[in-house]
Amino acid sequence: ISLLIIITDIPTRVFGGLLILFYVWFIWTSTKGKLTLKYLRAKKVRDRFKPMWFFGFLLSAGFVVGSAVMSVRAATILADLLGISQTIIGATIIAISTNLPELTIAIRSVLNKHESLGIGNVLGSNLTGVTLILGLVFLLSPTISLDRAAYSTVVIYLIGASLLLWIFIGRGKLERFEGVILVSIFVIFMI
């Protein structure tokens, strides 16, 4: 998807709509259509719902939105002060801060012996970012100007790391040395 952004001239709103449709298709097929209103109305789902959880979710969402506003302002100022592309600031500093929840969930999942949950969270979060969130950005912005050189660098690392992860997962298990390789790619990217 990231590669298509670089090599095509598809209007951003059309591309955004396609990305969102892909995300909806992914959610539908990955849940095998089980996420329906009938399922959500089922007694076992209703019995597990607690109003305090919903309030906690709304409160957390409010903090996230407030933090996002502050992060965007700070990142823009930092990019201007350092004379660095906003693409690079977004792909490094903002990306690290927005991925802290995924890191926390992944570590907690491993410690609780639910490694698949952590891996699924990371992969799902990345897919959501590249399809739903990027799609919404494209839909909301009539034109987006990109620093193609900086963006291309990010995409090359993204594709390389994704291909390696795909190869590693294809074996049916992940080893510690493969984690070291992926972390090394990140460190090299940051340098």
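Student: Is Lys-173 buried, partly exposed or exposed?

Tutor: Lys-173 counts as partly exposed, because its relative accessibility is 48%. Keep in mind that this is a predicted model.

Student: Which residue forms a salt bridge with Lys-173?

Tutor: Start with the general idea. Side chains of opposite charge can pair when their charged atoms come close. Here Lys-173 forms a salt bridge with Glu-175. The closest N and O atoms are 3.3 Å apart. Glu-175 is partly exposed too, at 31% relative accessibility.

Student: How many salt bridges does the count come to?

Tutor: Two. One of them joins the side chains of Arg-171 and Glu-178, with 2.4 Å from N to O.

Student: Where do Arg-171 and Glu-178 stand, buried or partly exposed?

Tutor: Arg-171 is partly exposed, with a relative accessible area of 45%. Glu-178 counts as buried, at 2% relative accessibility. The cut-off for buried is under 20%.

Student: Now the whole chain. How many helices and strands does the protein have?

Tutor: It has 10 helices and zero strands. Read from the N terminus, the elements run α-α-α-α-α-α-α-α-α-α.

Student: What share of the residues counts as buried?

Tutor: Of the 191 residues, 17% count as buried. The protein exposes about 14,100 Å². Carbon and sulfur atoms supply 73% of that area.

Student: What share of the contacts joins residues 24 or more positions apart?

Tutor: The share is 64%, counted among contacts with a separation of 6 or more.

Student: How do I read a pair of packed helices?

Tutor: Two packed helices are described by the angle between their axes and the distance between the axes.

Student: Which residues of H6 and H9 meet?

Tutor: On the H6 side, Thr-87, Ile-88 and Ala-91. On the H9 side, Ala-150, Tyr-151 and Val-154. By class, this contact has five nonpolar, one polar and no charged residues.

Student: At what angle do H6 and helix H10 pack?

Tutor: About 130°, with their axes 11 Å apart. H10 covers residues 176-190. That angle makes H6 oblique to H10. From H6, the contact uses Ala-91, Thr-92 and Ile-96. From H10, it uses Phe-186, Phe-189 and Met-190. The classes are five nonpolar, one polar and no charged.

Student: Let us look at one residue of H6. Is Ile-89 buried or exposed?

Tutor: Ile-89 lies in helix H6. It is buried, because its relative accessible area is 3%.

Student: Which residues are in contact with Ile-89, leaving aside neighbours within four places in sequence?

Tutor: Ala-75, Leu-78, Ala-79, Ile-84 and Ile-94. Take Ala-75. Ile-89 and Ala-75 are 14 residues apart in sequence. In space they are 6.6 Å apart, C-alpha to C-alpha.

Student: Last topic: backbone angles. What is phi of Lys-113 near?

Tutor: The general idea first. Most residues other than glycine have a negative phi. Phi of Lys-113 is near 65°, a positive value in a residue other than glycine.

Student: Where is Lys-113?

Tutor: In the loop between helix H7 (100-111) and helix H8 (115-140). Lys-113 counts as exposed, at 65% relative accessibility.

Note on methods. Residues are numbered from 1 along each chain as its sequence is written. This is a predicted model: local features need pLDDT of at least 70, side-chain atom pairs count only at pLDDT 80 or more; totals for chains, interfaces and linings use all residues. Side-chain values use heavy atoms; hydrogens and water are left out. Contact means heavy atoms within 4.5 Å. Helices (H or I, at least four residues) and strands (E, at least two) are DSSP runs, numbered from the N terminus. Ala, Val, Leu, Ile, Met, Phe, Trp, Tyr, Cys and Pro count as nonpolar, Asp, Glu, Lys and Arg as charged, and the others, Gly among them, as polar. Buried means under 20% relative accessible area, exposed over 50%, partly exposed in between (1.4 Å probe, protein chains only). Accessible areas come from the Shrake-Rupley method with a 1.4 Å probe; for residues, only the protein chains shown count as cover. Axes are lines fitted to C-alpha atoms, for helices over the stretch in contact, and angles run from 0 to 180 degrees between N-to-C directions. Angles under 35 degrees count as roughly parallel, over 145 as roughly antiparallel, 65 to 115 as roughly perpendicular and the rest as oblique. A salt bridge is a side-chain nitrogen of Lys or Arg within 4 Å of a carboxyl oxygen of Asp or Glu.
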